[in-house]
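Visitor: Could you please take me through this structure step by step? I would like to begin with the overall layout and then ask about single residues.

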Amino acid sequence: MLFEFTRRSGAPTVFNDGVTFHVDQISRFGAGEGPTDVSHLIDRSYGYHSSRELRWHLAERFGVAPNAVALREAH
């Protein structure tokens with residue numbers, strides 16, 4: 001599964017002073033299909049610490065192994 005996302009900057013967290021980001025929009029690309037907006041399936045107010053964390057969240061949401069999820073950031 002391929003996902004493409006755009007991010008919004010977040011704020012430093014109180015837990016580790018790391019910077020987080022929020023997903024502004026995320027689309028899923030299927031085999032031979034155009035993008036499908038799946039932004040409504042995640043909590044866009046959640047502050048992700050890394051794209052890896054987002055990939056694991058998507059894997060859990062779609063019931064697949066994390067290595068079955070490919071993620072790229074739109075620029």
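Guide: What follows is a conversation about the layout, the core and several residues of this predicted model.

Visitor: Which elements are there in the chain?

Guide: The chain contains one helix and four strands. Along the sequence, these follow the pattern β-β-β-α-β.

Visitor: And how much of the chain is buried?

Guide: Of the 75 residues in the chain, 28% are buried.

Visitor: Now the core. Which residues make up the largest nonpolar one?

Guide: The largest nonpolar core has twelve residues in all: Phe-3, Phe-5, Phe-21, Val-23, Ile-26, Val-38, Ile-42, Tyr-48, Leu-54, Leu-58, Ala-59 and Val-69. Strand E1 (2-12), strand E2 and helix H1 each supply at least two residues of this core.

Visitor: Take Ile-26, then. What is Ile-26 in contact with?

Guide: Apart from neighbours within four places in sequence, the contacts of Ile-26 include Phe-3, Phe-5, Val-38, Ile-42, Leu-54 and Leu-58. Leu-71 is also one of the contacts of Ile-26.

Visitor: Let us turn to the helix. How many residues does H1 have, and how far does H1 reach?

Guide: Helix H1 covers residues 51-62, which is twelve residues, and reaches 16 Å from its first C-alpha to its last. That is close to the 16 Å expected at 1.5 Å a residue.

Visitor: Which residues of H1 are buried?

Guide: They are Leu-54, Leu-58 and Ala-59. Seen down the axis of H1, the buried residues fall within an arc of 140 degrees, so they line one face of the helix.

Visitor: What about the other side of H1: which residues are exposed there?

Guide: Arg-52 and Glu-60 are exposed on the other side of H1.

Visitor: And what follows H1?

Guide: Gly-63 follows H1, and the phi of Gly-63 is positive, near 70 degrees.

Visitor: Back to the strands. In which sense do E2 and E3 pair?

Guide: E2 and strand E3 (residues 35-37) pair in the antiparallel sense, over three bridges. Within this arrangement, Arg-28 stands opposite Thr-36 in E3. The hairpin of E2 and E3 has five residues between the strands, and Gly-32 in this hairpin takes a positive phi near 70 degrees.

Visitor: Where is Ser-27, and is Ser-27 buried or exposed?

Guide: Ser-27 is in strand E2, which spans residues 19-29. Ser-27 counts as buried because its relative accessibility is 10%, and buried means under 20%.

Visitor: Which side chain does Ser-27 make a polar contact with?

Guide: The side chain of Ser-27 makes a polar contact of 2.7 Å with the side chain of Gln-25. Beyond neighbours within four places in sequence, Ser-27 is in contact with residues including Leu-2, Phe-3, Pro-35 and Val-38.

Visitor: What does the side chain of His-22 reach?

Guide: The side chain of His-22 reaches the backbone oxygen of Tyr-46 at 3.0 Å. His-22 is also in strand E2, and is buried with a relative accessible area of 16%.

Visitor: What is Gly-47 in contact with?

Guide: Leaving out neighbours within four places in sequence, Gly-47 is in contact with Thr-20, Phe-21, His-22 and Glu-53. As for His-49, its C-alpha atom is separated by 6.6 Å from that of Phe-21, although these two residues are 28 residues apart along the chain.

Visitor: How far apart are Arg-72 and Leu-2?

Guide: Arg-72 and Leu-2 are 70 residues apart in sequence, and 7.8 Å apart in space from C-alpha to C-alpha. Not counting residues up to four places away in sequence, Arg-72 touches Leu-2, Phe-3, Glu-4, Phe-5 and Phe-29.

Conventions: Residues numbered from 1 in each chain as written. Predicted model: local features only at pLDDT ≥ 70, side-chain atom pairs only at ≥ 80, totals over all residues. Heavy atoms only, no water. Buried < 20%, exposed > 50% of the residue type's maximum accessible area, 1.4 Å probe, protein only. Polar contact = N/O pair within 3.5 Å; in protein donor to acceptor, adjacent residues only side chain to side chain. Contact = heavy atoms within 4.5 Å. Expected span 1.5 Å × (residues − 1). Arc of directions from axis to C-beta. Core = buried A, V, L, I, M, F, W, Y, C linked by side-chain atoms within 4.5 Å. Pairing = 2+ DSSP bridges.
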